[in-house]
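Subject: Structure handover

Hello,

Here is the structure for your files. My notes on it follow below.

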Amino acid sequence: MILKEEFSYVQLFSDFLSIITISLCFVLKIPQIINILKVKNATGMNTVGLLMELSSYTIMMSYNYRNGYAILTYLEYPIILVQELILILCVLYYNKQLGLASVFGAGLYFSALFGFLSGIIPRELLTFLVPFCTPVGASSKVVQLLTILKSKNSECISVLTWFISAFTNLTRVFTIFVDSADVTLLLNFIVNVSLSSSIMIAAYYYKPAKEVSKMKKAD
């Protein structure tokens with residue numbers, strides 16, 4: 001009886017963290033988008049890294065959906081995907097990379113997304129692809145981190161976005177462990193916590209002195 005009560009409290013706390021995570025994901029990329037629009041450039045943003053991140057989010061969302069996992073454990077994915085697409089559009093625009101190639105790429109992406117969610121593409125393929133999401137997602141963050149370190153400029157990078165990313169990935173380690181203990185998903189989130197934190201620190205370190213001063217005053 002006591003064990004059941006303890007489990008119910010753990011599950012309740014897990015659901016509470018899921019709600020917080022999902023709520024934060026509603027604004028995860030917003031600070032980054034606003035920052036780019038404010039400075040009117042995408043210096044320090046890596047397009048390849050963003051596309052890798054998009055593919056990782058898409059596969060993970062589709063995998064969770066097709067396996068019938070509790071909606072609260074992955075609802076942030078569709079929310080983040082919408083923001084990610086807007087962010088990519090902003091970066092492409094300010095990097096002057098919008099054109100036929102980007103339109104063709106968008107067509108391929110939405111076709112694949114429809115195939116994953118509708119069941120046209122076999123679930124076995126998703127199961128095969130999911131293990132690659134950890135290295136792909138990690139690589140996208142490594143590429144972004146290296147871009148910041150190489151340019152030594154994080155003017156358009158939002159520290160808040162990466163803080164939220166690190167925090168929400170950390171909460172997911174707990175909620176996934178409670179809900180399914182899926183080792184593949186757990187590994188993915190643990191790696192993402194480390195890399196998101198690294199980007200946050202690098203972005204803060206390379207912020208122009210004036211912006212760092214403003215951030216300290218805000219605190």
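Residues 128-149 are 100% helix and 0% strand, with end C-alpha atoms 33 Å apart. Helices here are DSSP runs of H or I of at least four residues, strands are runs of E of at least two, and both are numbered from the N terminus.

This is a predicted model, in which local features need pLDDT of at least 70 and side-chain atom pairs count only at pLDDT 80 or more, while totals for chains, interfaces and linings use all residues. Residues are numbered from 1 along each chain as its sequence is written, and side-chain values use heavy atoms, with hydrogens and water left out.

The unreviewed UniProt entry places "transmembrane region" at residues 12-30, 75-94, 101-122, 128-149, 156-177 and 183-206 (positions are in the numbering used here, feature names are shortened, and annotations may be inferred rather than shown by experiment). Residues 75-94 are 95% helix and 0% strand, and the end C-alpha atoms lie 30 Å apart.

Helix α2 (residues 30-39) packs with helix α4 (residues 76-94) at about 20°, the axes being 10 Å apart. Axes are lines fitted to C-alpha atoms over the stretch in contact, and angles run from 0 to 180 degrees between N-to-C directions. α2 and α4 are therefore roughly parallel (under 35 degrees; over 145 is roughly antiparallel, 65 to 115 roughly perpendicular, the rest oblique). Ile-30, Gln-32, Ile-33, Ile-36 and Leu-37 of α2 meet Gln-83, Ile-86, Leu-87, Cys-90, Val-91 and Tyr-94 of α4, contact meaning heavy atoms within 4.5 Å.

α7 is followed by Ala-181, with a positive phi near 55°.

Regards
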